[in-house]
Every structure is written in C-alpha cells, then in structure tokens.
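The stops below are in the order in which to select them.

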Amino acid sequence: MVKKRIHGGTMMTIRSLNKLLLTVATASMLMAGCQSGDTAAPTAPVQKGETPAPVDQPVTAQPASYISPLTGESLDAPMQNRPLAVMINNAPAARPQSGLLSADIVYEVLAEGGITRLVAIYQSAENAAKIGPVRSIRPYLIDLGESYHGVLVHAGGSTDAYALIQSLHKEDLDEISNAGAYFWRDKSRKAPHNLYSSGDKLIAGAKKRGYTLQDSEVPAYTFRKEDEPAVGEPASKVEIKFLLDSYHVSYIYNAKTKLYERFIGKKAHTDKDSGTQLTAENVVILGADHQILDKVGRLSVDLSSGGKAIMLQRGKVIQGQWVRKKNDVIRFVKDGAEVPFYPGKTYFSIVPNSPSFDSHVTITK
C-alpha cells in the first residue's frame, strides 16, 4: 500500500511538471514570435490622464524661395529671362497705351520739344499681349535700356542713336530697319501713334536675330518685406512738372491698396485694353543735367553723375540721392545706403536740374 501511494504521488508530480514546462515553452514561443520580423515594440499602456507621446512625422522638403530681381515678387524658379526695353510713345494721341501694366520698371524722361517718352522694362515679356505704341530711340534711352541688359525695341531713332547702334553692334529690334515683321499697325489710330507689338512677337524676333534671351546677371534691387512699416515724411500726392501741361504727371496714394495711382494731363492714366489705372508700389523722381544739342531740341541727359532724388512708398516720402555705378542701374540711396523697394512695380521720372530739381516737384502731405 505504501509503495502504491509513493508511485501514485510520483506520477502526479511528473504530470504537473509537464504541464508547467509546456506553459513556459508556449509563452517563450509567443515572445519569440513577437520579436521576429523587427516589428515595432508594443506600446506601453497609457495611464489615465496621460497624453500619448507624439509620433514623428516624415519631413517634407520645402521648395526653394526665389524672387524677381526687378520687382521682388515671389517666384517658383529663378528669373533669368533677358529683359526687353521698349520705347513707348507718350504723346497725348498715343494715350492710353497698351502693355504698361505688364512692365516691371517704367522710366519717364524728356525728349525733344518738351514731350516725354517712356522706357518700359519687361523681364516677363510673354505676359504682355499688346505693347505700344512703340516710338523712336535716343542715346540716353539706349543707356537706360542696356542698364538692365535689355534688347532694345524701337521704331527709328535719332542720328546719334542710330550711329551708336550700328557702330557698337547693339542688339535691337527696329520696326524700320530689321524687325518689321514683328510689329503691326492699329487702324483705329493714326500713324505714328499706332505701332504695336507683343511679348511673344518680340521674343520671336530676338530669337530670329540670334540674340541671347537668358541672362542670370540682370541687376537686382533690394526689397523690403511686405509687412515692413514705411519710413519718411507723409506724402499723399506728388506732382511732376516737365515742360508742357499735357505731360503734367501726378501720383496719388491709395491707402487701401497701398499703391500710388498715376495721372497724366490731370486725367487717370489707364491701360487702353483693360481700362485699369496704372499704379506703382514705388515712385522715384530724380534730377539730371539736360543739354540741348541742336535746333530740333534733341537732348543729352546725364545718367551717370547722380544727384538729388526722392522716393515715395506707402504714403511716405524719403529725401535722398540717386547714384549709378559703371555697368549698373540707377539706385536710390540715403546716407550712402541703398533704400529697399517694396515688392511690385517701380516708376522713375527723370526731371531737369534746371532751374532746380524742386521746381519740377510738388509734394502734398
């Protein structure tokens, strides 16, 4: 009897041990299965009142930021288009003009007889469906256009201008001599105030003549941030007197749009095709020495020596100077430092220093 009890007890102990070993082995296999394949480690249970740790998200690379060298506006890619510098007729019979809304920079300067001419700089010329009326060129207008590395666009020119173009082999598109196929006449206006082209046509003409249309070294301006406050004295309006009343220009500040609205001959200066008034984020007025060259009244204009200038931005005016280094554009400076523009369009008006710069400019606070 004792032997049986001992045997029976021994058998119960072995069975219990086998069950225990099986349980341990099963648990080990389950743990090993969880580790195989390098799956993520199990998350520890979140206690009540705790916030789960944030999960790292993949970082998406942001596109590089580029700005236009002439307007400071944001771009998706570098702007390396070579500009077109177009001579625009500004006679009363040529107004309103077409395409000035698409220009990055516009210069206004005297020609002979008290009239003024516009030089419109287009770096994104393909945006301009119609540009004009196009008119003739002068040596100082060549200088302005080439300061931006521009292809010169014109219809005729003074004797001195043609001499420069031909002797120095300047790259131009002249409706009269070498590019007539890339212009057209608008029958609704009388000649010579009816000659037009477009950005696409002018680019095609430049390609046909073998001109380079890419330029990574177009001079660039400095720019303020959009939310940067303006500096200077109050200036709600500026009036610019050249010589003739029909070319009297004024800019009036619109506080809602933060733009200066352009008027000429005391009327809103508008775009012919859209009726939209011309505006500018920056207005620069500078004084330069003018010299009459002949009986016709043709001029030379000193665009190198620098001098007195003012700049209007966001309802403020800054008194400063204009300077120009060799192979560079005209820049506005104060206390020896360039003053940044606000992103957008800039209009330059060049007035004579005689009898004085101030005699051509009136500022209203």
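Is Tyr 251 buried or exposed? At 1% relative accessibility, Tyr 251 is buried, a term that means under 20% relative accessible area, with exposed meaning over 50% and partly exposed in between (1.4 Å probe, protein chains only). This is a predicted model, in which local features need pLDDT of at least 70 and side-chain atom pairs count only at pLDDT 80 or more, while totals for chains, interfaces and linings use all residues. Residues are numbered from 1 along each chain as its sequence is written, and side-chain values use heavy atoms, with hydrogens and water left out.

**Stop 1: aromatic rings**

Rings of Phe, Tyr and Trp (its six-membered ring) pair if their centres lie within 6.5 Å; planes under 30 degrees apart are stacked, over 60 edge-to-face, and the rest tilted. The count by this rule is 7 aromatic pairs. Select Tyr 251 and Tyr 347: the ring centres are 6.2 Å apart and the planes stand at 65 degrees, so this pair is edge-to-face. Tyr 251 belongs to strand 12 (residues 249-254) and Tyr 347 to strand 23 (residues 346-352), so the pair ties together parts 96 residues apart in sequence. Helices (H or I, at least four residues) and strands (E, at least two) are DSSP runs, numbered from the N terminus. Tyr 347 is buried too, at 4% relative accessibility.

Next select Tyr 107, Tyr 148, Tyr 221, Phe 223, Phe 341 and Phe 348, which ring pairs link into a cluster.

**Stop 2: strand 23**

How many of the residues of strand 23 are buried? The count is 7 of 7. Thr 346, Phe 348, Ile 350 and Pro 352 are on one side, and Tyr 347, Ser 349 and Val 351 are on the other; both faces are covered.

Now show the strands that pair with strand 23. Two strands pair if DSSP finds at least two bridges between them. Strand 4 (residues 105-110) pairs with strand 23 in the parallel sense over 5 bridges, and Ile 105 stands opposite Thr 346. Strand 16 (residues 282-288) also runs parallel to strand 23, joined to it by 7 bridges. Look there for Val 283, which is opposite Tyr 347.

**Stop 3: charges over rings**

A charge sits over a ring if NZ of Lys or CZ of Arg is within 6 Å of the ring centre and within 35 degrees of the ring normal. Select Lys 130 with Tyr 196: the lysine lies over the ring face, at 4.4 Å from the ring centre. Then select Arg 314 with Tyr 342, where the distance from the ring centre is 3.9 Å.

**Stop 4: two pockets**

A pocket is found on a 1 Å grid over the protein atoms alone: it is an open set of points with protein on both sides within 12 Å along at least five of seven lines, whereas a cavity is a set where a 1.4 Å probe fits but cannot get out; lining residues have an atom within 4 Å of a point. Grid points are joined across faces, edges and corners, and the volume is the space filled by probe spheres set on the points.

Which residues line the largest pocket? They are Asp 143, Glu 146, Ser 147, His 149, Ser 304, Arg 324, Lys 325, Lys 326, Asn 327 and Asp 328. The volume of this pocket is about 210 Å³. Its lining has no nonpolar, 4 polar and 6 charged residues; Ala, Val, Leu, Ile, Met, Phe, Trp, Tyr, Cys and Pro count as nonpolar, Asp, Glu, Lys and Arg as charged, and the others, Gly among them, as polar.

The second largest pocket holds about 150 Å³. Its lining residues include Leu 110, Glu 112, Leu 243, Leu 299 and Pro 352. Strand 17 (residues 290-292) gives the largest share of that lining, 3 residues. By class, the lining has 6 nonpolar, 5 polar and 1 charged residues.

**Stop 5: backbone exceptions**

Most residues other than glycine have a negative phi, and most peptide bonds are trans.

- Arg 95 and Pro 96 are joined by a cis peptide bond, with omega about -10 degrees; Pro 96 is in the loop between strand 3 (84-89) and strand 4.
- Gly 132 and Pro 133 are also joined by a cis peptide bond, with omega about 0 degrees; Pro 133 is in the loop between strand 5 (116-122) and helix 2 (139-147).
- His 169 has a positive phi, near 55 degrees, and is exposed, with a relative accessible area of 66%.
- Lys 258 has a positive phi, near 65 degrees, and is partly exposed at 41% relative accessibility.
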